[in-house]
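Please read the sequence alongside the three-dimensional structure shown here. The paragraphs below are meant to be followed with both in view.

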Amino acid sequence: DFFPFAYITQPIVVLDTYFNSTKMDCVTMNNVEGAYQATRLLIRKRQTQPGYLHSSYDMYNFDCRQDGFHKALRESGLSTSNYISHSLSPSMEGAYADMMQILKNGEEIAGCYFADNDLIAAGAMRALKEYGYRIPEDVAIVGFDNISLCTYIEPNLTTVNVPIRYMVEMAVDRLITVIHTKNYRPIKIEVNTNLVIRQSV
């Protein structure tokens with residue numbers, strides 16, 4: 001059990017992540033399918049091996065997104081072990097600083113990237129643009145989450161939309177059901193995502 005919840009006896013519904021537990025329900029997004037669709041878009045548009053802007057912090061959602069990225073590579077006959085990957089902090093400023101260091105070091109840059117989240121994508125885009133890369137002409141990028149920042153950066157970020165409001169409603173509905181259920185069995189609810197295509201690809 002996840003330690004903070006181990007001794008709680010009241011009904012729990014966890015939002016936006018998943019724990020393998022007999023004590024709680026989870027409502028999360030379909031990370032695998034979202035990353036798969038984003039990577040397939042890059043492969044279709046760019047006709048090349050995508051790179052990966054991977055979070056330097058381990059999280060369940062990011063692990064699932066990596067699975068979706070690899071799934072798209074395999075189905076396209078591309079390598080799942082020999083692609084360009086950069087480990088970046090999962091914040092905009094952190095990703096910017098990390099990507100600037102990568103560029104200063106002269107590391108190889110891919111022609112397109114899937115990023116674990118929009119903040120990583122935005123930080124990397126800023127660094128790439130400062131080094132003279134054009135987006136999407138030289139480097140295309142797809143993020144994940146569809147936060148409001150996506151429409152403020154230039155170019156606007158193509159991303160995976162997560163229906164957060166719907167997930168919250170599902171979590172509340174499930175919690176009410178659990179409170180009134182005598183024969184309780186925990187479930188995992190996985191909500192589908194969708195691509196929002198903008199100008200970064």
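The structure is a predicted model, in which local features need pLDDT of at least 70 and side-chain atom pairs count only at pLDDT 80 or more, whereas totals for chains, interfaces and linings use all residues. Residues are numbered from 1 along each chain as its sequence is written, and side-chain values use heavy atoms, with hydrogens and water left out.

An open sheet is formed by 4 strands in the order S4-S3-S5-S6, with parallel pairing; two strands pair if DSSP finds at least two bridges between them. Strand S4 (85-88) and S6 are the edge strands, each pairing on one side only. On average, neighbouring strands of this sheet are turned by 20° against each other, direction ignored. Strands of a sheet pair through backbone hydrogen bonds, either parallel or antiparallel. Between S3 and S4, the parallel pairing extends over 4 bridges, and Tyr52 has Ser85 in S4 as its bridge partner.

Helix H3 (residues 92-104) packs on the sheet and touches S3 and S4, and its direction makes about 135° with that of S4. Helix H4 lies across S3, S4, S5 and S6, running at about 120° to S3. For these relations, contact means heavy atoms within 4.5 Å, while axes are lines fitted to C-alpha atoms, for helices over the stretch in contact, and angles run from 0 to 180 degrees between N-to-C directions.

Which residues of helix H5 are buried? They are Met167, Ala171, Arg174 and Val178, where buried means under 20% relative accessible area, exposed over 50%, and partly exposed in between (1.4 Å probe, protein chains only). Seen down the axis of H5, the buried residues fall within an arc of 70°, so they line one face of the helix; the arc is that of the directions from the helix axis to the C-beta atoms. An α-helix has 3.6 residues a turn, so residues three or four places apart point the same way. On the other side of H5, Arg165 and Ile179 are exposed. The buried residues of H5 pack against strand S1 (13-15), strand S2 (25-29) and strand S8 (188-191). The length of H5 (residues 164-179) can also be checked: its 16 residues, at 1.5 Å a residue, should span 22 Å, and the end C-alpha atoms are 23 Å apart, which agrees. The expected span is 1.5 Å times one less than the number of residues.

S8 pairs with S2 in the parallel sense over 4 bridges, and Val27 stands opposite Ile189 in S8.

Asp116 is located in the loop between strand S5 (112-115) and H4, and its relative accessibility is 0%, so Asp116 counts as buried. Beyond its neighbours within four places in sequence, Asp116 is in contact with several residues, including Tyr52, Phe62, Arg65 and Phe144. The side chains of Asp116 and His54 are joined by a polar contact of 2.7 Å; a polar contact is a pair of N or O atoms within 3.5 Å, and within protein one must be able to donate a hydrogen and the other to accept it, with residues adjacent in sequence counting only if both atoms are side-chain atoms. Thr159, in strand S7, likewise counts as buried because its relative accessibility is 0%. The Thr159 side chain reaches the backbone oxygen of Gly143 at 3.4 Å.

The backbone also deserves attention. Most residues other than glycine have a negative phi, and most peptide bonds are trans. The peptide bond from Ile135 to Pro136 is cis, with omega near 10°, and Pro136 lies in the loop between helix H4 (118-130) and strand S6 (140-142). Glu154 and Pro155 are also joined by a cis peptide bond, with omega about -5°; Pro155 belongs to the loop between S6 and strand S7 (159-161). Asp145, in the loop between S6 and S7, has a positive phi near 125° and is partly exposed at 25% relative accessibility. Gln47 has a positive phi near 55° and is exposed, with a relative accessible area of 66%.

Technical notes. Helix = DSSP H or I, 4+ residues; strand = E, 2+ residues; numbered from the N terminus.
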